[in-house]
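These are my notebook entries on a single protein model. I set down what I looked up, entry by entry.

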Amino acid sequence: MPARVIAVCNQKGGVGKTTLVTGLAEAFAHTMGKRVLVIDADPQRNTTSALGVEKPEYTLNDVLYGDEDNNHKITPGVAAAAITETGTKWQPNPDKGEDFPPIHLIAAERNLASRERDSMMARENRLRQALK
């Protein structure tokens with residue numbers, strides 16, 4: 001069965017995007033037993049922080065920018081290297097009898113703001129390609 005994609009976006013701040021995303025992630029993973037990957041594309045990184053990730057090794061910025069040695073081309077599947085587990089609050093605790101899939105995240109970073117002005121060709125397809 002193909003993955004279900006749910007996008008939450010709104011340019012206005014303070015409308016509950018982070019709350020909605022973390023609530024949906026928790027509901028799908030903890031209640032329904034679904035595997036969840038949250039992709040934080042906001043340079044303010046509120047969802048990344050809310051999910052308990054402070055200093056990820058790789059971020060969405062690394063995924064979208066591509067391989068510098070290969071003319072910034074996106075290699076299919078490269079996003080896998082950026083997937084990290086969320087903080088312990090969002091993971092199952094076997095001591096409490098919890099058994100649900102962990103929530104995973106591709107974290108944001110402040111440098112994503114510069115991508116909004118990026119003139120790179122076909123940037124709207126870069127994430128799709130990286131997730132293949």
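**Entry 1: a loop residue.** Is R45 buried or exposed? I worked with a predicted model throughout. I found R45 in the loop between β1 and α2. R45 has a relative accessible area of 14%, and a residue counts as buried under 20%, so R45 is buried. I also looked up its backbone: phi of R45 is near 55°, which is a positive value in a residue other than glycine.

**Entry 2: the overall plan.** I then turned to the protein as a whole. I noted 5 helices and 3 strands, and along the sequence they follow the pattern α-β-α-α-β-β-α-α. Of the 132 residues in the protein, 30% are buried. I looked up the accessible surface as well, which comes to about 9,000 Å², with 49% of it belonging to carbon and sulfur atoms. Among contacts between residues at least 6 apart in sequence, I noted that 64% join residues at least 24 apart.

**Entry 3: the sheet.** In what order do the 3 strands lie in the sheet? I read the order as β1-β3-β2, in an open sheet with mixed pairing. The edge strands are β1, residues 36-39, and β2, residues 83-85, and each of them pairs on one side only. On average, neighbouring strands of this sheet are turned by 35° against each other, direction ignored.

I took the two pairings in turn. β1 and β3, the latter covering residues 103-106, run parallel and are joined by 4 bridges. Within this pairing, I39 has I106 in β3 as its bridge partner. β2 and β3 pair in the antiparallel sense, over 3 bridges. There I found E85 opposite H104 in β3.

**Entry 4: the helix across the sheet.** Which strands does helix α1 lie across? I found that α1, residues 17-31, lies across β1 and β3 and runs at about 165° to β1.

Entry 5: The largest nonpolar core here has 12 residues: V21, A25, F28, A29, V36, V38, L51, V53, W90, I103, L105 and A107. I noted that α1, β1 and β3 each supply at least two residues of this core. The largest share, 4 residues, comes from α1. Apart from this core lies another, of 10 residues, among them L64, I74, A82 and L112.

Leaving aside its neighbours within four places in sequence, L51 is in contact with T22, V38, T86, G87, W90 and L105.

**Entry 6: a residue of α2.** Which residues does T47 contact, leaving aside its neighbours within four places in sequence? I placed T47 in helix α2, residues 46-50. With those neighbours set aside, T47 is in contact with T18, V21, V38 and D40. T47 is buried, because its relative accessible area is 9% and the limit for a buried residue is under 20%. I noted that V38 is in contact with T47 and also with L51.

Definitions and conventions:
Residues numbered from 1 in each chain as written. Predicted model: local features only at pLDDT ≥ 70, side-chain atom pairs only at ≥ 80, totals over all residues. Heavy atoms only, no water. Pairing = 2+ DSSP bridges. Axes fitted to C-alpha atoms, helices over the stretch in contact; angles between N-to-C directions. Contact = heavy atoms within 4.5 Å. Core = buried A, V, L, I, M, F, W, Y, C linked by side-chain atoms within 4.5 Å. Buried < 20%, exposed > 50% of the residue type's maximum accessible area, 1.4 Å probe, protein only. Areas by Shrake-Rupley, 256 points an atom, 1.4 Å probe, with all protein chains shown as cover.
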